[in-house]
Each structure stands twice: as C-alpha cells, then as structure tokens.
Amino acid sequence: MTHLHIPTPLLEHRALSASLDKQVWLKMENNQPSGSFKLRGIGLMCQRAAEQGAKHFVCPSGGNAGFAAAVAGVALGLQTTIVVPETTHESVRAAIRAIGATVIVAGSVWDEANQEALRLCEQPGAVYIPPFDHADIWDGNATVIDEVAGKLDFDAIICSVGGGGLLSGIALGLERNGLGHIPIIAAETEGAASLHAAVQAGELVTLPAITSIASTLGARRVAQQAFDWTRKRTIHTVTVSDAQAVQACLAFADDMLALVEPACGAALAVAYQNLPVLAEFKKPLIVVCGGIAVDLGKLQAWKNQFQLT
Ligand SMILES: *Cc1c(COP(=O)(O)O)cnc(C)c1O
C-alpha cells in the first residue's frame, strides 16, 4: 500500500545546535502535502476505510485535520465533506474547496459542526473521520518515527499536543521501533494545556475554555489514549506562553525559511527558550508539525499583538 503522506526531510537546526551546544534535529512535517503531519494518520484511516468500502468521508474540522481529510479523500477519489463552524475563515473554506472537497458550514462552534458531521454519517457508506481520537490515526502518525528510527541517533523527542493524536502516534512509533525508552517532551500553550492539566490532576480533565491563540491545540480534553501513555512511559509536559510560541515561529521563519503555526511554535519554543527540561538531553528531535493557518500577515499581527521585536 502506498501512503498518501510523503517522507519528510530530516534537518539539523544548525543555529540552535550551536547556541544550545546540542544537536537539534527537525522532522519537517510542514512539508507534507497537507501542510501538517495530519496526512499521516488521517490518510491511513481514510485509506483503510476506502479498502473496506467507504464511499464518503465526513470530517468535522475547520483546521488541519479537515484539510488533511480533504487531501486524502480527493486523492482516493471519494466524496469528501468537511464540516466547519461559522468561525472558520473564508480562506480555509476556499482552500478545502479548491482541492475538490465539499465544505458545509454548521453551527457557531466545533461541537455543533461535529453534531452535523455525525448526522451526515448516518447515511450508508459515509465514514466519520475524527481529528485525533482513533487507532488508525495513531498508527499512521507513528510513521513519523518509522522514518527516523535506525537513521538518526536522538535522545528526546519534542512535539506539540492538541488532542494527543500526534503524541499517541509518536509513543506508538517509538515503542514499535524499540525506542520506548526515549522521553517525549509534550508542549502546549497556556490556555490550551489539556494534557498538562490531566497529568497534574491524575485524570482526564475538560478545560472550561480555550484561551490560547494556538486554536489548533484547542482540544478541551485530550484522548484517553494520550493520557494513558503518560502513565506508561516518560512524557514531560511543558507549557509555553502564546508570545513564546509566536516568537519561535518568527525565529524559525528567519532561520529555516518556513512558516509554521503557533501550534507548532509551541514545540519549537522548547528549544528556542532552552527550557530547563532540555538540560539533560544532547540530541533532541523536534517534530515540526506545521499547520496551514499561518501567513506573513498573521505572523505580523501576532508579532504586534505580543509586542515582539
Ligand atoms: C493537529 C495539530 C496539532 C495537534 O495534534 P493533536 O494530534 O491534536 O495533538 C499540532 N500542530 C499542528 C500544526 C496540527 O495540525
């Protein structure tokens, strides 16, 4: 079975390596055809569903999950409907339509779009594609580790956490490649830190609201699977401010000539801020998760908002 995702570049971040006196490695998931790692997991889930006779994919997401589902569904030649809330920007709706998927606008918040998606899935042949909470998605996201295992010597891996689908995939990928001992540093922004809150509480928690600008990380509650991994292996949860995440995006744009969302900036900020959690590691690998909800104008606006120089 050929994958819908592509193998991505593995680059050393030479400037950070020099300033931190470490080897800092980057897995450039921003280069995926969907602009984020999400094509790995969602692509695999869609492929498996298509093999089992799916006729129609329905994904409730005005973000990178919806865009990845659109890329996957169109590549597989199946009808694909992305259900977005009214808050989803017209540019995102246009991007989804431009690749040939259908956009339906339903409700003012994600939960309402999700209800509509679930309703559409009552039709025969329709398959619900969730943003992060499915075993096929974790299995597909794990390929990011399959690609580096045996090729790169790394001693920690840094990723961002929204609902925990990427984290669960990374944990699975490390496990199945005999790398289960490698610690994961799981980064969230303040105001979207649902994994950190769960770890602190010792049980899953639902945040009352998301207050971070990193809306891609804005799952009020993480997947049970992601929380379960924190009990089974070493996962350091860290939080950064929105300003630090944006600062990391700006620096990354200058250093690596690539634009990524603040959701990705959260992971990058662990290295750019040289957070204490990094002290014990010499060869960290950052999963540059990417994201399409960014452009020069947005970066400039956030830069102004947080009075960054
Ligand atoms: C989806 C996404 C995340 C969060 O992934 P989860 O699987 O929800 O934890 C982080 N960054 C980007 C760019 C994303 O698209």
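Because the model is predicted, local features need pLDDT of at least 70 and side-chain atom pairs count only at pLDDT 80 or more, while totals for chains, interfaces and linings use all residues. Residues are numbered from 1 along each chain as its sequence is written, and side-chain values use heavy atoms, with hydrogens and water left out.

Let's start with the six-stranded sheet. It is open and mixed in its pairing, with the strand order S1-S2-S10-S7-S8-S9. Strands here are DSSP runs of E with at least two residues, helices are runs of H or I with at least four, and both are numbered from the N terminus; two strands pair if DSSP finds at least two bridges between them. At the edges sit S1 (10-12) and S9 (235-240), each pairing on one side only. Neighbouring strands are turned by 25° against each other on average, direction ignored. (For such angles, axes are lines fitted to C-alpha atoms, for helices over the stretch in contact, and values run from 0 to 180 degrees between N-to-C directions.) Within this sheet, S7 (residues 156-160) and S10 (residues 284-288) run parallel and are joined by three bridges; Ala156 stands opposite Pro284 in S10. Helix H8 (residues 165-176) lies across S7, S8 (184-189), S9 and S10, and runs at about 160° to S7, with contact meaning heavy atoms within 4.5 Å.

Next comes the four-stranded sheet, also open, but with parallel pairing and the order S5-S4-S3-S6. Its edge strands are S5 (102-105) and S6 (126-128), each of which pairs on one side only. The twist averages 25° from one strand to the next. Four bridges link S4 (residues 79-84) to S5 in parallel fashion, and Ile82 has Val103 in S5 as its bridge partner. Helix H4 (residues 90-98) lies across S4 and S5, running at about 145° to S5.

Now for the ligand. Of the 17 residues around it, Lys38, Gly162, Gly164, Gly165 and Leu166 come nearest, where "around" means having a heavy atom within 4 Å. This shell divides into seven nonpolar residues, nine polar and one charged; in this scheme Ala, Val, Leu, Ile, Met, Phe, Trp, Tyr, Cys and Pro are nonpolar, Asp, Glu, Lys and Arg are charged, and the others, Gly among them, are polar. A side-chain N or O atom of Lys38 is 2.6 Å from a ligand oxygen. Taken alone, the ligand exposes 380 Å², and the protein buries 97% of that (Shrake-Rupley areas with a 1.4 Å probe).

Notes: A polar contact is a pair of N or O atoms within 3.5 Å; within protein, one must be able to donate a hydrogen and the other to accept it, and residues adjacent in sequence count only if both atoms are side-chain atoms.
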